[in-house]
Every structure is written in C-alpha cells, then in structure tokens.
Amino acid sequence: MKRGVANHTPIVTAPEDVTTGHQPWMILQKPMAKTRSETLFETWLASNSLPFRSISAERGVSMPDYGVTIGEAEIIFELKQIEAGRNWADEMVHSGEVGKFIRDRITKSKRQIQAASKGGKPTVLMIYNDYDPFQLFGTEDHDFEHAMYGADTVVLAKESGRLVDRFHGDGKSFQSSKNTSFSALARLRQAGRDAEVTVTIFENMYAAVPIDYVSLPPPASRSSE
C-alpha cells in the first residue's frame, strides 16, 4: 500500500553548447530536509499502516502538511514545532504562561486549517515540542486544555475560603463561534525507554467537521474536556 510521496531530485541542465557538444553546467535541486516532527509523524503513520500524502504548498497559498486516510475518510494534519530559539540546558529556571505555546500555534495555523475545513474535511493541528528534551514544558495536558477552553479558574468564598465555583476562564481559543474549523489538536511525542512515538488527540467540542474517533488506531489516545 502506498504510504507517502517519494522525494525525487529533479535535474536541471543547461542547453548543450553547440560548439563543443557539451553541457557547460548542471544543477541538482535538493529536496528540502524534513523537520523532526515530520520524520516522527511519518514513522507513526507507517507503524500504524496508515496511508498518507504530503500536501504541497501552492504559490502564495498556505496549505496544511498531510492528508491521512483513516477508514473511509481523509483527515488533514498541520504540523507545528515548538522551538524557543534558545537552548533548554542554558536556562536555570523555566517558566511561562500555561497554554501560551499552544495558543500561538493555533493562531499561526488558522489559514491552513480553515482552507481544509471549508472543503468538508476534518482537521488536526499537531504540535511537537522540540524545545524541552522531556517534551513536557508547554505541552502537557493542561496546556492544551487551557489553550482550547480557557484557564482553570476557581472562585472562593471570602469569609470561609470554601470553593464556590470552578470553570474555564480567560484565554479561550475555541468557542461555538470561534475556530470551529479545528476538529482537534494533537500532541506528537517520542519518549520512554523505547523512544516510542505516540499521538494524543484533544477534541474540539465545537468542531464544524468532527472526527470519527471510532476509526482511529488504538495507539492514538483521545482527550475530551
């Protein structure tokens, strides 16, 4: 079964020199190197026998990265890496706003995701943490949940200090009238003694085009909040 598109190296040559019969130069156009997230995602797809296609970007048009056939449907995936522009080991203390990395990637992916969703296909923004060697900082479950539905907020009684209410507050990226083109977010991770590649999907309850989760392979876990 075909699982991908082979990377061929096109050869561009100059017209033959009419005086010598030789070609004065030759240029080899090298294919672009895959990112770490692309390599890991393709590894996961192959291990689950899921056929896929790479989606090439047309000139001037932002396109998602992959189309993956699962069951009867094709799901469109956009891959984003978290790269902080600094070395993790150089920092003594690591701090940040919960969910910020995820919110930023949602914003940067809107055009690609909207184009696929308008075509009636389910869409997934997949995020890979290439900053933290443990792939935790900024991409834990609560980072996804806060970015999608808002910060976990509690209300305490002034006198007793007892819990009165608890809800998702500020920072919502997904609402019934906001970013419904995203069917889900996903975390791509390689961890553990065996460096296992795993995918965790976080469902968007407001998705315009929901995913058929029953058709997903068992290794892909799902989180719905």
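This is a predicted model: local features need pLDDT of at least 70, side-chain atom pairs count only at pLDDT 80 or more; totals for chains, interfaces and linings use all residues.
Helices and strands are here taken as DSSP runs, with helices of at least four residues and strands of at least two, numbered from the N terminus. The phi angle of N179 is near 55°, a positive value in a residue other than glycine. N179 has a relative accessible area of 12% and is therefore buried, the limit for this class being under 20%.

A further positive phi in a residue other than glycine is found at A195, where the angle is near 50°. A195 belongs to the loop between β9 and β10. With a relative accessible area of 36%, A195 is partly exposed.

The protein chain as a whole contains three helices and 11 strands. Their order from the N terminus on is β-β-α-β-β-β-α-β-α-β-β-β-β-β. Of the 225 residues in the chain, 38% count as buried. Among contacts with a separation of 6 or more, 55% are accounted for by residues 24 or more positions apart.

Helix α1 spans residues 36–47 and includes E38. When neighbours within four places in sequence are left aside, E38 is in contact with Y66 and L79. The C-alpha atoms of E38 and Y128 are 9.4 Å apart in space, while the two residues are separated by 90 residues in sequence.

Helix α2 covers residues 100–118, and its 19 residues extend 27 Å from the first C-alpha to the last, close to the expected 27 Å at 1.5 Å a residue. A bend of about 55° is located at K110. The buried residues of α2 comprise F101, I102, R103, R105, I106, S109, Q112, I113, A116 and S117. In an α-helix, residues three or four places apart point the same way, because there are 3.6 residues a turn. The packing partners of the buried residues of α2 are β5, β6 (123–129), α3 (141–149) and β9 (184–191). After α2 comes G120, with a positive phi near 85°.

Helix α3, one of the elements against which the buried residues of α2 pack, is mostly covered, with seven of its nine residues buried. These buried residues are D143, F144, E145, H146, A147, M148 and Y149. G150 follows α3 and has a positive phi, near 105°.

The largest cavity holds about 70 Å³ of space. Its lining is formed by 11 residues, of which W44, I70, F77, I201 and L216 are the closest to the centre. Two strands, β5 (73–82) and β10 (196–203), each contribute at least two residues to the lining of this largest cavity. The lining consists of 11 nonpolar residues, with no polar and no charged residues.

Definitions and conventions. Residues are numbered from 1 along each chain as its sequence is written. Side-chain values use heavy atoms; hydrogens and water are left out. On a 1 Å grid over the protein atoms alone, a cavity is a set of points where a 1.4 Å probe fits but cannot get out, and a pocket is an open set with protein on both sides within 12 Å along at least five of seven lines; lining residues have an atom within 4 Å of a point. Grid points are joined across faces, edges and corners, and a volume is the space filled by probe spheres set on the points. Ala, Val, Leu, Ile, Met, Phe, Trp, Tyr, Cys and Pro count as nonpolar, Asp, Glu, Lys and Arg as charged, and the others, Gly among them, as polar. The expected span of a helix is 1.5 Å times one less than its number of residues. The bend at a residue is the angle between axes fitted to the seven residues ending there and the seven starting there. Buried means under 20% relative accessible area, exposed over 50%, partly exposed in between (1.4 Å probe, protein chains only). Contact means heavy atoms within 4.5 Å.
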